[in-house]
Amino acid sequence: MNAEDPNPAATPTPCEDIQGDGRWMSLHQRFVSDSKDKEPEVLFVGDSLIQLMHQFGIWRQLFSPLHALNFGVGGDATQHVLWRLSNGELDNISPKVVVLWVGTNNHGHNPEQICNGILAIIQVIKNKLPNAQTLVLGLLPRGKMPNPLRERNAKVNQLVQEAVSSLPHQHCFDVSSYA
């Protein structure tokens, strides 16, 4: 990839319907509908790690009282979240906080591409929700040490932390040390 090539991780792209059941687009449409009917204080956006959070008691205990919405989709990569947020999911809500956790499914992308995908998502959030605080959760380690995926995720976390540290209303939390 040279400087003129678009970054696939930062190019809004709907998820390919590999199963042929329209599941991904159906979830997106539900999220757009939920954003019209709800007034969340906290919005969670990302992949399966976000999607599965609502199945645990901690969600009901801590986040349900905040009228939290969960816009997580299993398998999503940065380009998929970027497409969803650019196509209606943020248009009718104004949460105080957006929690973003995505990037681990960006197979075939290098750390710089993934970081730029995350930064593109942050920019969409900033443009559509200028008063919201954004909390970017760091990618979890993958597999046992050492391996290329673990090293890639650690590099993504470092790059995102460096980029976000100077942005107003943007925060990072590296959860990898707790994994």
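Glu-89 touches His-28, Phe-31, Val-32, Ser-35, Phe-71 and Arg-84, leaving aside residues up to four places away in sequence, where contact means heavy atoms within 4.5 Å. The model is predicted, so local features need pLDDT of at least 70 and side-chain atom pairs count only at pLDDT 80 or more, while totals for chains, interfaces and linings use all residues. Residues are numbered from 1 along each chain as its sequence is written, and side-chain values use heavy atoms, with hydrogens and water left out.

**Glu-89 and helix α4**

- Glu-89 is found in helix α4, helices (H or I, at least four residues) and strands (E, at least two) being DSSP runs numbered from the N terminus.
- With 0% relative accessibility, Glu-89 counts as buried, a term that means under 20% relative accessible area, as against exposed at over 50% and partly exposed in between (1.4 Å probe, protein chains only).
- The side chain of Glu-89 makes a polar contact of 2.7 Å with the side chain of His-28 and another, of 2.8 Å, with the side chain of Arg-84; such a contact is a pair of N or O atoms within 3.5 Å, of which, within protein, one must be able to donate a hydrogen and the other to accept it, and residues adjacent in sequence count only if both atoms are side-chain atoms.
- Helix α4 (residues 78-89) is largely enclosed by the rest of the structure, because 10 of its 12 residues are buried; among them are His-80, Trp-83, Arg-84 and Glu-89.
- These buried residues of α4 pack against α1 (23-37), β1, β2 (69-72), β3 and α5.

**Ser-35 in helix α1**

- Ser-35 has its place in helix α1 and, at 0% relative accessibility, counts as buried.
- Leaving aside residues up to four places away in sequence, Ser-35 touches Phe-71, Gly-88, Glu-89, Asn-92 and Ile-93.

**The sheet**

- The open sheet consists of 5 strands in the order β2-β1-β3-β4-β5, with parallel pairing, two strands being paired if DSSP finds at least two bridges between them.
- Because β2 and β5 (170-173) stand at the edges with a single partner strand each, one side of each is left without a neighbour in the sheet.
- Neighbouring strands of this sheet are turned by 20 degrees against each other on average, direction ignored; axes are lines fitted to C-alpha atoms, for helices over the stretch in contact, and angles run from 0 to 180 degrees between N-to-C directions.
- Strands β1 and β2 pair in the parallel sense over 4 bridges, and Phe-44 has Asn-70 as its bridge partner in β2.
- Helix α5 packs on the sheet, where it touches β3, β4 and β5, and its direction makes about 165 degrees with that of β3.

**Strand β3 and its partners**

- Strand β3 (residues 97-101) is largely enclosed by the rest of the structure, because 4 of its 5 residues are buried.
- Strand β1 (residues 42-46) pairs with β3 in the parallel sense over 5 bridges, and in β3 the bridge partner of Val-45 is Leu-100.
- Strand β4 (residues 133-137) also pairs with β3 in the parallel sense, over 4 bridges, with Val-98 standing opposite Thr-134 in β4.
- From β3 the chain crosses through helix α5 (residues 111-128) to β4 in a right-handed β-α-β crossover, meaning that, with the strands pointing away from the viewer, the path from the first strand over the helix to the second runs clockwise.
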